[in-house]
Structure formats: C-alpha cells, structure tokens
Amino acid sequence: MARMPTSADAAHGPTRVVIVGAGFAGVACARRLAGEPRAHVTILDGRGYHQFQPLLYQIATAELAPRDIRFDLAEMFARHRNVEARTAEVVALDPRQRTVTLADDSTVQGDVLVLGVGAQPNFFHTPGADTYALPLYSLDDAERVRTRLLELFRDAAAKPELVDEGALTFVVVGGGPTGVETAGAVAELVHEVMPHVYPHLAVAGAKVVLVDLAHMLLTAFSDEAHTYAARQLHRRGIDVRLGVSVREVTDRGVTLGDGTRIPSRLVVWGGGEMAAPLAFRSGLPQGHGGRIDVHPDLTVPGFPAVYALGDVANVPNGDGTALPQLGSVAQQTGDWAAGNIIADIEGAGRQPFRYKDKGIMAMIGRKAAVAEIGPHRHELNGRLAFAAWLGVHAQLLANAGAELNAFVSWADDFYLRPAHRSAALLDPSTIDEPRIRRSAG
Ligand SMILES: Cc1cc2nc3c(=O)[nH]c(=O)nc-3n(C[C@H](O)[C@H](O)[C@H](O)COP(=O)(O)OP(=O)(O)OC[C@H]3O[C@@H](n4cnc5c(N)ncnc54)[C@H](O)[C@@H]3O)c2cc1C
C-alpha cells in the first residue's frame, strides 16, 4: 500500500491533520491523535459542537433538553495543545493539495485531510417534502419538531375545531430505526403526556401515522423484530401504513401513492439519507447514496492522504457491501484512521479497517426495544435489548464527554417509568434544563 507523504518526512515538524466534521468519526479521530506530539490536528465543524444523533427524537418530544446532547468542540479539546478546534463551515476542498476553503474564503492546508462530514436527509424528489416535511437529522431539526408539536397542541387547545383539520395528526415517514423510534416517542407524548398538560382538550382526536414504502418495519432486522416492532407500535395506537409511498407533502398534510390524503400540520421525515453536501462538491469518487468510496484502509482511491469516514463514506464490509450508517461504524473508522495516520508517521504499514460489530438496535419506547447483537445477530427484545442499547450508546456518549452514571440513570428512569412523569418537562421554564450532567473536564 502506498505511504502518504507527511511533513514529518521533511523534518518540518508535526504532521498537519485537518479533520472536517465533528461527528462520531471526526471526534474519534481527533481524540486518538490528541496528545500525539508528532501530529497537529485542526478539527473544523460548521456548528462548532458535536451532536449526539441517536437521542434527537428525545429532544423532539421534549424528553431531553438540547444541551444534553450538544457537546462544545472547543471545550472537548481544551486540554490538548496539539488540537485546534474551530467553528468553521468548509465550502470547498482541493483533495490534491489537501486544502479546504472556509466560508470566510480563508484556506487551511493539511498533510492529511480527514472527511467526516456525515449525511443529509434524502427526500427522494418527493414533491413538497423538502419544503413542508421536517427532517430529524440535527439538533436544530429536533428543536423545530418540538416547537411545532407544542405549538400545535397550544393552537388546538385554543381552537379545538383545528383537530378535525389534522392539527393533532402527526405523520412520520420512514419505517427504519429513526421513523420507528420517533413514532413511538411522539405517540407516548401525544397519548400519555399531553392529556395531563391539556386535560380539557379532547386529545382523543390526536393520532400518529407511520408510512413506509417497504412492506415491513425495520427492514434491516429479522422477521421476529419486524413483528415485535409492529406489535409495539400498534400497542401505542400508531396507525402503520406499509407498502405505500408518500406522493406529495403540502402545508396541509400528505397524499399517499394510493391517493389517500392525510390532513396533518406536522410531517416528520425519517425516510432516508445521503452523503452530506460537501461530498458532492469534493471531486472525489462517489458511490451509493453519493457517499465517497474508500479503500479498506479508509483512504480515497487516488488520494493516499485523504480519508473519508463514517456516514459520508462507503466503508467496505469485506464482502462487497458497505457497512451501515451507524454511530459505532463512524466512531471506529475515526479511531482506525488515526491509527493509520500514526502508522504512516512511524513508517509502519497502514492496516485495513476491521469493524467490531456491536449489532443493530432500536428503542421503540418505554419498555420496548429490539436488538440484534454481534455479527451473528443474536435476537433480543424488551429489557435485555434495552440493556444492549444502553451499553452501546453509553460507549458512544463517553466519546463525547457525557457523564456516564448520569446518562445511565436517566436512561434507566426513562425506560422504566410511566410517560406521564415527563409532563413536568413541558413547563416552558424547565424545558431547556439539562437532564444528563457532564463529566468535569
Ligand atoms: C435521528 C437519528 C438517529 C440515529 N440513531 C442511531 C442509533 O441509535 N445508533 C447508532 O449507532 N446510530 C444512530 N444514528 C446514526 C448515527 O448518528 C450516524 O451514523 C453518525 O452520527 C455518523 O457519524 P459521522 O461522524 O459520520 O457524521 P455526523 O455525526 O453526521 O457528523 C458530521 C459533522 O460534520 C459537520 N459538517 C458537515 N458538513 C460540514 C462542512 N461543510 N463544514 C464543516 N463541518 C461540516 C456537521 O456539523 C457534523 O457535526 C442515528 C442517526 C439519526 C439521524
């Protein structure tokens, strides 16, 4: 395998590593290189913080506060002198020169360029979806969904006739983990929390509809999980419409492929994703989903000093397929790329990426989770699946700097307690109070 040129070769000081994106991949890469005297890291992120996407739906349903899942980048690396964290949007890149251009037109050049810019929602050209549906991909998205949900309840309380026009009909598009988790959480909010907040509002007319073109929920999971998820959603009163597309989204609702109209003022899009916009402007080879194809060592073909990691990359699985877009994949690619960068500095050979498969899992709601553990997909549901979810996500959160005891105790409490206890969160004065504490430093 070709060895990349580094500034260390020419005794020019530490190898300059420029990381774009502070998601699971970028942060893991920077963390592994932090304190490494032979590397100087610049990590750039347009938002300036790391967001913990697996809990976005908990923000959308007012169960957690934004601060619980937002981790300031500068704070994260404050103790590491060889890591410079900057809030900066990258608008263009030159992979040959390993140079990125920032929104203010300045440039940053590295000896090594690491791209961990993640993904964006894919609306599959559905008319009106990008205008009227709300995606759930960022903290801003989640706060928008939360604001809209609470507004709709306030409006319906003031004018109950709006319920007949779909003010309390919430449509979730997508039957994958994001759609299933979101629908479950919205249904609990709607049916178990809101009746305590608006006891005089006839919330009987409130409903949650989940739509997916596939004929089953959680397609990547086993048949047993499909049935379990469907049963749990039905138990929560969710109207599941499978095998039908969304033809159009407007400000008044959705029209399905079979002509059915569902009046709604809130359509949440969890219907798919593709590579982040920067991938389309990178000039790098793109494959499925617009993601950047990479070699087994995670570098981009033709660019031995450019890595693409996590959701923006098609990371080879060793069997001709690509690994799924998961936090664990992103985090492990970040750590692995840092290992290869160090190997290059030392003149040792880079290693092909090996994924430690943690399995796949989804938390459908309180007392309902499904997990398929490890490469052999050992099937779990209920309490054991929740325990597996907790283990995997605690590890991901530790990477960001959350206080694990606080996270585990919040999650345990969330899973076991009845939903109506979160009614307190809907008090506008407490809604933004953090619930998961941070570790010091
Ligand atoms: C709603 C939801 C729920 C999920 N639940 C789970 C789950 O339960 N378990 C699990 O394992 N995975 C889950 N995932 C998937 C997981 O979150 C992703 O696989 C993971 O976040 C990918 O990490 P990443 O580092 O590749 O990208 P991201 O985490 O998306 O980070 C990309 C970063 O790049 C920055 N960026 C993008 N473009 C630019 C630019 N031009 N300039 C500067 N910065 C830029 C962004 O600001 C962002 O911080 C979920 C995803 C979603 C959307």
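Predicted model: local features only at pLDDT ≥ 70, side-chain atom pairs only at ≥ 80, totals over all residues.

## Start with the whole chain

Now switch to the cartoon view. You'll find eleven helices and 26 strands in the protein chain. The radius of gyration is 22 Å, close to the 22 Å that the globule rule gives for 441 residues, so the chain is as compact as a globular protein of that length. Along the principal axes, the C-alpha atoms fill a box of roughly 75 × 45 × 45 Å.

How much of the chain counts as buried? Of the 441 residues, 56% do. And if you look at contacts between residues at least 6 apart in sequence, 65% of them join residues at least 24 apart.

Where they touch, domain 1 brings eleven residues to the contact and domain 2 brings ten.

## Head into the core

Next, show side chains on the inside. The largest nonpolar core has 139 residues, and Val100 and Phe407 are the ones with the most contacts inside it. Which helix gives the most to this core? Select residues 383–400: that's helix H10, which contributes ten residues. The core also draws at least three residues from each of domain 1 and domain 2.

Zoom in on Phe407. Setting aside neighbours within four places in sequence, Phe407 is in contact with Leu55, Trp389, Leu390, His393, Ala394, Leu397 and Ile436.

There's also a second, separate core, made of 15 residues. To find it, select Val173, Val249, Leu256 and Trp269, which are included in it.

Jump to Leu115, in strand S9 (residues 112–115). Is Leu115 buried or exposed? Its relative accessible area is 3%, and buried means under 20%, so Leu115 counts as buried. Show what's around Leu115: not counting residues up to four places away in sequence, it touches Val20, Leu93, Leu284, Ile292, Val306, Tyr307, Ala308, Leu309 and Val312. Then try your distance tool from Leu115 to Phe170, 55 residues apart along the chain: their C-alpha atoms are separated by 36 Å.

Now go to Leu323, in the loop between strand S23 (313–314) and H9. Leu323 is buried as well, with a relative accessible area of 6%. Leaving out neighbours within four places in sequence, Leu323 is in contact with Val315, Pro316, Asn317, Val329, Phe353 and Tyr355. Pick Tyr355 from that list and check the distance: Leu323 and Tyr355 are 32 residues apart along the chain, and their C-alpha atoms are separated by 8.7 Å.

Last stop: the charged side chains. How many salt bridges does the structure hold? There are 15, and here are some to click on.

- **Arg241 and Asp239.** These two form a salt bridge whose closest N and O atoms are 2.9 Å apart. Arg241 is partly exposed, at 26% relative accessible area, and Asp239 is partly exposed at 27%.
- **Arg350 and Asp344.** In this salt bridge, the closest N and O atoms are 2.7 Å apart. Both Arg350 and Asp344 are buried.
- **Arg377 and Asp357.** Their side chains meet in a salt bridge at 3.3 Å, N to O. This pair links distant parts of the chain, 20 residues apart: Arg377 is in the loop between strand S25 (368–373) and strand S26 (378–381), while Asp357 is in the loop between helix H9 (327–346) and strand S24 (359–365). Arg377 counts as partly exposed at 30% relative accessibility, and so does Asp357 at 25%.

To finish, select Glu63, Glu188, Arg236 and Arg366 together: these residues are linked in a network of salt bridges.

How values were computed: Residues numbered from 1 in each chain as written. Heavy atoms only, no water. Salt bridge = Lys/Arg side-chain N within 4 Å of Asp/Glu carboxyl O. Buried < 20%, exposed > 50% of the residue type's maximum accessible area, 1.4 Å probe, protein only. Helix = DSSP H or I, 4+ residues; strand = E, 2+ residues; numbered from the N terminus. Core = buried A, V, L, I, M, F, W, Y, C linked by side-chain atoms within 4.5 Å. Domains from an automatic or database assignment. Contact = heavy atoms within 4.5 Å. Rg over C-alpha atoms; globule rule 2.2 N^0.38 Å.
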